[in-house]
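Subject: Structure handover

Hello,

Here is the structure I promised to pass on. Please open it alongside this email; my notes follow below.

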Amino acid sequence: MLSDQSLLILLRTLADGEFHSGEELGLLLGVSRTAVWKQLQKLDGLGLVAESVKGRGYRLARALDLLDVDVINASLGPELQQSLHITSFLQTDSTSVRAMEAAADAAHGRAFIAEQQTAGRGRRGRAWVSPFGANIYLSLVWSFQGGAAALSGLSLAVGVACARVLRTSGADQVALKWPNDLLVDGKKLGGILLEMTGDPAGECQVVIGIGINVAMPSEQAESIDQAWVDLRGLGVTLSRNALVAKLLAELVAVLEHFALEGFAGFKAEWLALDAFANQIVTLSSAARAVSGLAQGVDDSGALIVSVDGERRLFHGGEVSLRASVS
């Protein structure tokens, strides 16, 4: 992982996308002008491209909106700052891996964010494309009583929290796809992944992983195997720091409410955001595929599908929902 101070100084200086002279960079980094290029080559490991123009200096091929824990905390306010502890990485394998490590010590309220993930994960082991300084990669550890039985529908409630934030930030067409995707016009804007550790019948810790496309670099498009959209493409200009702060604040409110009432308190709101309501859908798992009419969810968050006129309930993270192709 790359985390040395000189790299951080370099990134913060070049983040504006403007040219900076070799002399300026050398002074900031404490190296000679001739050694600046060697420092710039460290950016290759982050997937960033530094451009050089004689007489003008160096700049990044794209400007960066870097994460800053101090800025995020200032937006959260004193009470939430007491509830949360945020750790930020320039680069890590996965924020959820770091969160699961912390969860082993019952680290309630620990949040992890990263500029880049080298092994980001979606549901069912899929890779989550995580370019540097482009999107939101956030994982939060939260403790619950009552074990797995008390967590039914939690991913859907988290989806409601994310949709609230995105809609009030300008992405007012966001819809929810059962059980954990954020969509706009059928294109994926973000996803949610929950993992549990601890006592399956008592106190347990849940790692809530959230990925949201903010400003996906065009060169990453070919590596994404489904239709996608980002906030920039939707005209949303909110900074990544402001978005993380809003997400954390809404998550805390939703998780505290969920601990008292479960998913039933969010059901109506989720149904209003259901991307596949009253549509013919196909649910697929490793063992089977079932088609029918999607009819929302029950109080536990189970998907209701009418299959050949029979109302059936589907539970569990191994089931995915895909629109059928006619």
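**A serine in a helix**

Ser96 sits in helix α6, which covers residues 95–103. One caveat before going on: this is a predicted model. Is Ser96 buried or exposed? Its relative accessibility is 6%, so Ser96 counts as buried; the cut-off for buried is under 20%. Leaving aside residues up to four places away in sequence, Ser96 touches Arg121, Ser139, Glu195, Val207 and Gly209.

**Helices against α8**

Helix α8 spans residues 240–261, and helix α4 spans residues 69–76. Their axes come within 9 Å and cross at roughly 45°. That angle makes α4 oblique to α8. The crossing of α4 past α8 is right-handed. Which residues of α4 and α8 meet? On the α4 side they are Val71, Ile72, Ser75 and Leu76. On the α8 side they are Asn241, Val244, Ala245, Leu248 and Ala249. By class, the residues of this α4–α8 contact are seven nonpolar, two polar and no charged.

Helix α7, residues 154–168, also meets α8. The axes of α7 and α8 come within 9 Å and cross at roughly 140°. From α7, the contact takes in Leu154, Ala157, Val158, Ala161, Cys162, Arg164, Val165, Leu166 and Thr168. From α8, it takes in Leu243, Lys246, Leu247, Glu250, Leu251, Val254, Leu255 and Phe258. The residues of the α7–α8 contact divide into 13 nonpolar, one polar and three charged.

**Aromatic pairs**

How many aromatic pairs are there? The count is three, with ring centres within 6.5 Å as the rule. Among them is Trp37 with Tyr58: the ring centres are 6.0 Å apart and the planes are at 25°, so the pair is stacked. The cut-off for stacked is under 30 degrees. Trp37 belongs to helix α3 (residues 33–40) and Tyr58 to strand β2 (residues 57–60), 21 residues apart, and the pair links distant parts of the chain. Trp37 is partly exposed, at 39% relative accessible area. Tyr58 is buried, at 14%.

Phe89 and Phe112 are stacked too, with centres 6.4 Å apart and planes at 15°. This pair also links distant parts of the chain: Phe89 is in strand β3 (residues 85–92), Phe112 in strand β4 (residues 110–117), and 23 residues separate them. Phe112 is buried, with a relative accessible area of 3%.

**Backbone points to check**

Where is the cis peptide bond? It runs from Trp178 to Pro179, with omega near 0°. Pro179 lies in the loop between β6 (175–177) and β7 (181–184).

Asp185 is not a glycine, yet has a positive phi of about 55°. Asp185 lies in the loop between β7 and β8 (187–198). At 69% relative accessibility, Asp185 is exposed.

Asp308 has a phi near 55°, again positive in a residue other than glycine. Asp308 lies in the loop between β12 (303–307) and β13 (310–314). Its relative accessible area is 80%, so Asp308 counts as exposed.

Best wishes

Definitions and conventions:
Residues numbered from 1 in each chain as written. Predicted model: local features only at pLDDT ≥ 70, side-chain atom pairs only at ≥ 80, totals over all residues. Heavy atoms only, no water. Axes fitted to C-alpha atoms, helices over the stretch in contact; angles between N-to-C directions. Helix = DSSP H or I, 4+ residues; strand = E, 2+ residues; numbered from the N terminus. Parallel < 35°, antiparallel > 145°, perpendicular 65-115°, else oblique. Left-handed = near helix turned anticlockwise from the far one by under 90°. Contact = heavy atoms within 4.5 Å. Nonpolar A, V, L, I, M, F, W, Y, C, P; charged D, E, K, R; others polar. Phe/Tyr/Trp six-rings, centres within 6.5 Å; stacked < 30°, edge-to-face > 60°. Buried < 20%, exposed > 50% of the residue type's maximum accessible area, 1.4 Å probe, protein only.
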